[in-house]
Every structure is written in C-alpha cells, then in structure tokens.
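Hello,

Here is the structure I promised to pass on. Please open it alongside this message.

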Amino acid sequence: MTRFARLDLLDPLEVARLGGIEVTTEGVVEGFLSGLHRSPRRGFSVEFAEHRMYQPGDELRYVDWKILGRNDRLYVKQYEEETNLRAMAVLDVSRSMAWTGAPETVLPKLDYARRLVAALSLVLLRQRDAIGLIAFDDEVRRIVPPRARLSHWRQLVQTLAELEAGQGTAAEPALRRVVDQLRRRGLVVFVSDLLLDRALALTALRFLRHRGHQVLVLHLLDPGEVDLAGPAEARFEDPETREAVVLRPRDWAGAYRETLRQVIGEWRLACRRHGIHYHQVITTTPFGTVLREALAPAPATRAG
Amino acid sequence: MIGFLHPWALAGLAAAAIPVLLHLLARREPPTVVFPAVRYLITTTREHQRRLKLQNLLLLLLRTLLIVALVMAAAGPTLPLRGVPGHAPGALVLILDNSPSSGAMVAGSPRLAQLRSAARAVLARATPEDAVWLITAEGVPQRGDSRALADQVGALTVSPRRLDLGAAITAADEVLAPESRPGGIVLLTDLQASAVTPAQPKAPLVVGRPSDPPPPNAGIARLATGAQPWSSDGGRITVSLAGDSGAAIPLVARLDRRPQRQALARVGAAATLALPGAPSGWWTVTAELGPDELRADDQRISAVRVAAVAGVSCSAAERYVAAACGVLESNRRITRGDEITLGRLGPRSSVVEPPADPAALGALNRALAARGVTWRYGALTLAPTSTDSGAAVGRVRVLRRYRLESAASGRTGVIATAGGDPWLVRSGDVVLLGSRLDPAWTELPVSAGFMPFMDLLLNRLARGEVSLGEGSPGDPIPVPDLVTTVRQGEREWRVEGGGSFRPAEVGAYYLLSGRDTLGAISANLDPRETLLRPEPDAQIRRLWRGAQVVALPDAAGLAFASGALGDLRGPFLWLALALGLGEMALAAGRRRDR
C-alpha cells in the first residue's frame, strides 16, 4: 500500500502507523506535489503589478514615461516585491492538543499537527522558501528561526518530534514573537485547536496582518469534539483548566453542535474581516487535502 | 363531590410516584470524561439549561399526571349532576322480596303491600331509555318496560319460595355485568335475618326496608310422622314450633278429613299427637296452629302410608333373629305369617341369609336364579371390615361375609355395602344379606341398631321401599328410579325417574309408577321463614359493602342514582390520552434536538 498509494490522501492515522514523521511526511509531500498541476508557489514575483496615479513624494524612477508621452498624465508603475517566501509555523502544544476522542482510530490533535507542519515545511523548503517554527503552550516553548535550506527540514522535524504537550494555552505572546523572526512580510501559519482566549489571539493575528504578513489559521478539531458523545451522564472535565460540567450527552448533543457551529462561524467571520485565512481541519482529514487548501493561491488581499 | 365506583382502585395512585422514583434512582455520581472543549459545553448549558430543566420538569409532570389520570379512570369517578331533571339512561335491577315472610300482617295490611308500593314508586322513575329487570322470590330476572313490570308488581302475591337475598344480589350483578349504562340494584325487602346471606355487590345497591318492626310470630318448623308405614291402628306425629311468640298456641292435627286431634304447643317445644288408624293406603297429615300475623307458616302437611304390619315367617333356629321377631311382634310391628320369609328363600317376599353350610350355597344360587333374582352369593371373605355408613344399616362391624355378585350389568338394588362390596341388596321381592345375622358373622345383632334395622328390613325393604321426600316449594327433590308421574289432587306432572321434581306450592305430592304409588313428597315452607327478626342495618352494610339502607319510601329517590351521576371515566381517559400525546410530542422534540 505504501508503495502505490498516495500518502497525502490516506487516513492520517494510517499514515502515522507507517513510520516516523520524517519518512511519512516525505511520502505525503511527494504524493501531494505529484498531484498538483502547477506550483503552489504563492504570488510573490518580479512581475509588474499595476499603475496608479502619481502622488507627490513618489520616486521618479517609477514614473511610466510612455504613458506620460501618450496621455500627458503622470502614472507610476508598481511591482510586486521580488523575494522568497518566509514563513513561520506557530504550533499550539497545549494539553488540549494531546487529546483524541478515539485513541484507536483518530490521531491526537498534536500528532496530527506535527505531521501537518512537517509536510507544510517540506513543501515550502522545496520551493526554496524559508520556514521556521514557534511552539507554545502557556508560554513559548521552542523557536526555530526560518531557513530556506532543505537540510533545515531535518531540524524542524526533530524539533517537532521532541515537542510534548504542555499545560495551558497563551497564543498572543507566541504570535507576537513571530515579528522577531519575520522582518519582512511573510506567511504565518497558526496551527491550534483555538481553545484559547479568542480576543487576545485575534488581536495578535490582526497585529501580524498589520505588519503585512499573510496569516493562515488552521483550526484543528477532533471528531469527538464535533459530535458530543459519552456515557448516559458524565462529568466533562477540561484537561487544562480542570473546569467541569455534568450533563447527559444525549440531551445536549444538539445544542453543543449548534454552539460549536457558532464558535466556528465567529472565528471564520473575525478572520475574514481582517484578511486572515481560516481553515477548519478535522483530524481525520487526509494531510494532502489540508495542504491543498492551505497552500492554494490566496485571493488578493489588501496588504498591511 | 366526586365519588368513585371502585374506590379501591385509588390505591394505584401510589404508582404516580414511579416517575419521580425512577428519576431519583437514576441519579448517581457520573463518570469523569476528559474533554478539551468544556468551554463550549459550559456556553451551551448556560444558554439551554433553563429550557432543558423546564422540559424535564414538564415531562415528569406529564408522566405523573398520565398515571394519575389512568388510575382515576380505573376508579370510576362520578359527579352528581345537580339541577338536572330526570337521569341519564341507566340499568336497574329491582329485587322484590315476596317470600312467605312478606305475607306477615303489619298494621292491618300485609308487608307485601308496602313492598309493592315502594316497587311501583321505583318503577315510576324509569324512563323508556332505561333497562329494568325484576327479580322476585321465583329467582328469575325478568326484563320489561316499566309499565309492564309495574303491572306485574301490582299482581304479585306472596310466594311460597324462600328468597336468598345474597344470591339475588349476585344474580342482579350478573344481569348488569354486560350493561354499558350505569347500573344499580334496588332491593325491597323485610330484611328477614335468615334470608340475608353475604354478597359482594359490584353495582350500587340501595336496600329499602320497612321502618316498623315485624309482628311476633310462631310457625310449625317440623312435622315428623315417625316410622312408616303406619299400621291400621294409626300413628304418632311430632310437631316442633319455631318463632318468637312465647304464648301457648292451640295445635290441631288430623289425618286427611278424619277427626282431628288438638293440643297446646309452645315455641321451642315439640308436641306429640296420636292420630287414629285408617285403612291401608296413602294419607295426608295436616298440622295447623292457631292463626297469627303470618298465616303461611301455621300449617304443615305431610304424607303417610298406612299398611297392615308384615306377616313374617321367622326361623326359630336363629337365636337373634327369633328374638328380634318376638320384640317386633310384641310392639305390633309385625305379625306371624307367611307374607315375608326371614332367613331363607320363601315362596313370597324373602329376606335371605347365606347358608351356614357352604355346601348349600350352590343350591341357593340356583334357586335364586330360578326365581329371577339378579344377585348371587360369591366367595366367602373372612377379612373383617365394616359396613359403609348409610341410612339403612349404619356403621357396624362385619367379620365374615359372602361377596354378593350381580348377574346383570351394573349394581342396581344395592342397599348397603361392606368394605366397598355389596352387602345388602334387593332384587324384586327378595332381599339378600351378605352375612348371617349372627355375632360370628357381624356385630349387627348385638348392636343398638339391630331392632330398627329389623323393622326397616321387614316393613320397608322386604315389602317394597316407601319413598318419602321433603322439601320446600321451588327446591329440587329427587324422585326414585321407577317414578313416572307426580300427582297432587287432580293435577299431574310427568317426571323422569331418577331425576328431580320441584313442587311449586305447599302440599303433599304422590309419586306414581303406573297405577302404583311408590312414595310421596311433602312440600312445606322453609322453616327459616318463620323467624321474622330483621337484620340490623350495620350488619347489612358489613355483609353488603357499599349498600345504602334506607326506609322503603326513600328507596325510589335513590333509584337510578348511578344514572344521575356524571360518569367521569371518559373525561379522565381523554385527559390521559392528551397527556400521553403531549408526553410523546415533548419526548420526540427532545430526540430531534439531539
């Protein structure tokens, strides 16, 4: 199966059973790239972008003299910045990320995220883009600065493999630390189950957008978090805060689903409002599918 | 005020606690489940907790009310319909006690007149939509429209039959059982204590009773005519009186229309009168008391047979038999003659004992066969046993006996048995004894019952059984096998021998087989009718649970009372249905939410 099947389309748990992160991620990326018709390279190029009216203070070297000669109007040429993409993966390694509703059939969110970030990194590094990593729980745990060398991937994978689930979740400091790593505009991939303080996290994400970064939020959800199940009556306890609530899952499943739908809707709306790309990722989704959505050319967004 | 037809069903209200108990029993410390998205659950419960709690409370309430409504419906709730004229269509069984005691004269008029008047008032309340039945002492429920039944009540006379009030109430309940209309029973009676038997009325029961006390009364409880047949010299009768009259009462007795004999009798004592002789045949003996307020029990009739005493040829060789014949002869119960041969097979009626010498048994059996006797002597049995207790012999020890074997199919003619085998049998005019009347064979000759046995053997068994039956009008009285006709005066009834005959009236009835009279039946009032003492109301309520005991004139007002009650079973069932549907809808809504 491993020889002929495309690992990017397999069930994540099956992929994880095939071997370590390094091996299986390469397989995933190979499968993913072979299925693409064009490069997933995002829209940073040296090409001409557009004209706009000249405004006092514009550099004269960007004035389009031909238009001035034909129409007697001052226009300046605008170009996209010519650079390699610099990306930072910001990975949530809080205790809630170590949870799975069905250990036999579903990967814990953290294991899923490790493989997803590794695959994403390999794709970008193969495009000669640079990628780094920030792991956090209630504080920043690990920082791997972005590098574009392919050998950098080994370091990333090793770091990912060494990560263990921490305690609480504090995303804002980690997201703000991105600025230190990405001096120029780049891509921030925020991988988390978003069980955190939404207002603070959104503030930090908006800050990154203001700094001109493209921001991609991958919201990881375990299937057990989507559909509430359990014994007839149970005491549900938060692994991070130890908050608990006693209820009958059968009585509350419908209302819970509605609440979750609202939460996701609010995240989606808030992200869209600030030009942040939001993707909901169920941890049973094949890695290739998620990569395809995450690395699809972004619609034109208003920079910073 | 709501009433209940079956209040005991309200005990089922305890079941209303079941939903609450189930809820409490289901509560326990739940298991802990680690779940990262608890914050979403808290948000969810915060928003829906009140609604869900309300739903749970509503479900609990609906389920509890559903059980309550079903239990209430089962208890048959009723509500008086005040201010509504008439009554809803109902079913009513009117029991009118016209037993002999209702013939007692009270304040110058028969008790039955009061009962009839109350019965007509009850029937006057009936509407064409009501179903009405009438039960009298005849015991058969008769259905009819109120006008026809009122006419029947108007023509009703005192019946010679006793009415068992408990049985009548049970019969009324059976009549009402298939009725869908609300039913009720009205019993109009003198409440004679001896007629009150326990009953468990299912339908509402109203008992109308006279408010004035019954008169003192005395009646003839028993007329005994002694051993029969009487000789032509006459016989003796014994008259026993019952009642609550303490005075000495003149008693007159006579044999048919012959000169009467008079005596003074008292309640609780017996008077013996000697009646003069009469020619052979069947005669009617009548005993009559001086008149009192209840005339029906002042007379008692019996039938006697008068016949010449048997002429018996006794064997002097048998010590005990000879002695018995001597005593009977001295008491004029037999004479010396050849009408009956005692001890051996004679030319006419015979009482045959087995021979002392077994060698003679074969000759005896052959003689019996030649005579047409269907019984034979079989093997000698030396095992001691006893006769089976019976009217003819009683229980005596038998030491030796011959088995009596029937040559015909069946065992007809067996009078007494010993150890389960026939011991005293009759075939035609021959009576066979299984043992000799000797203490070496049976202890009968040295027992106290020997002389009565010999009298019975010679005067009745050997000459042909005299069947005398006794009973009350309406009772089934068995008749012997050969009887084909029952006659009273000029009236005759065809009967089947071995069956029973129900005399309709008081009197002497003769049992005929062709032109021969085989016996008689004496039909007299049930002696319990003499006792007019009424049962107290408290006892009535104890024996007939739920009965309303009222004065006779008030009974009509309570008739169709169940019809005047609004039956709330339907509304409660509809309520239960609505509650059930509501519960299902709410539960289904909750399942959809999930």
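This is a predicted model: local features need pLDDT of at least 70, side-chain atom pairs count only at pLDDT 80 or more; totals for chains, interfaces and linings use all residues.

Chain A, overall

Chain A contains 10 helices and 10 strands. It has 304 residues, and 41% of them count as buried. I also looked at sequence separation in the contacts. Among contacts in chain A with a separation of 6 or more, 77% come from residues 24 or more positions apart.

Chain A, a helix pair

Start with helix α4 (residues 109-126) and helix α5 (residues 152-162) of chain A. Their axes come within 10 Å and cross at roughly 170 degrees. Angles over 145 degrees count as roughly antiparallel, so α4(A) and α5(A) fall in that class. Which residues make the contact? On α4(A) they are A:R114, A:V117, A:A118, A:S121, A:L122 and A:L125. On α5(A) they are A:H152, A:W153, A:L156, A:V157 and A:L160. By type, the residues of this contact divide into eight nonpolar, two polar and one charged.

Chain A, a hairpin

Next, look at strands β4 (residues 130-136) and β5 (residues 140-147) of chain A. The two run antiparallel and are joined by five bridges. A hairpin of three residues links β4(A) to β5(A). For a reference point in the pairing, A:I131 stands opposite A:R147 of β5(A).

Chain B, an open sheet

Now to chain B. It has an open sheet of five strands, in the order β29-β35-β34-β31-β32, and the pairing is mixed. Where are the edges? They are β29 (467-471) and β32 (491-494) of chain B. Each has a single partner strand, so one side of each is left without a neighbour in the sheet. From one strand to the next, the twist averages 25 degrees.

The partner of β29(B) is β35 (residues 516-523) of chain B: the two run parallel, with five bridges between them. Within that pair, B:G471 stands opposite B:A523 of β35(B). As background, strands of a sheet pair through backbone hydrogen bonds, either parallel or antiparallel.

Chain B, a kinked helix

One last item. Helix α2 (residues 38-74) of chain B has a kink of about 55 degrees. Where is the kink centred? On B:H48. After α2(B) comes B:G76, which has a positive phi, near 65 degrees.

Best wishes

Note on methods:
Residues are numbered from 1 along each chain as its sequence is written. Chains are lettered from A and ligands numbered from 1 in the order in which they are written. Axes are lines fitted to C-alpha atoms, for helices over the stretch in contact, and angles run from 0 to 180 degrees between N-to-C directions. Helices (H or I, at least four residues) and strands (E, at least two) are DSSP runs, numbered from the N terminus. Angles under 35 degrees count as roughly parallel, over 145 as roughly antiparallel, 65 to 115 as roughly perpendicular and the rest as oblique. Two residues are in contact if their C-beta atoms, placed from the backbone, lie within 7 Å. Ala, Val, Leu, Ile, Met, Phe, Trp, Tyr, Cys and Pro count as nonpolar, Asp, Glu, Lys and Arg as charged, and the others, Gly among them, as polar. Two strands pair if DSSP finds at least two bridges between them. The bend at a residue is the angle between axes fitted to the seven residues ending there and the seven starting there. A residue is buried if 20 or more other C-beta atoms lie within 10 Å of its own, exposed if 12 or fewer, and partly exposed in between; C-beta atoms are placed from the backbone.
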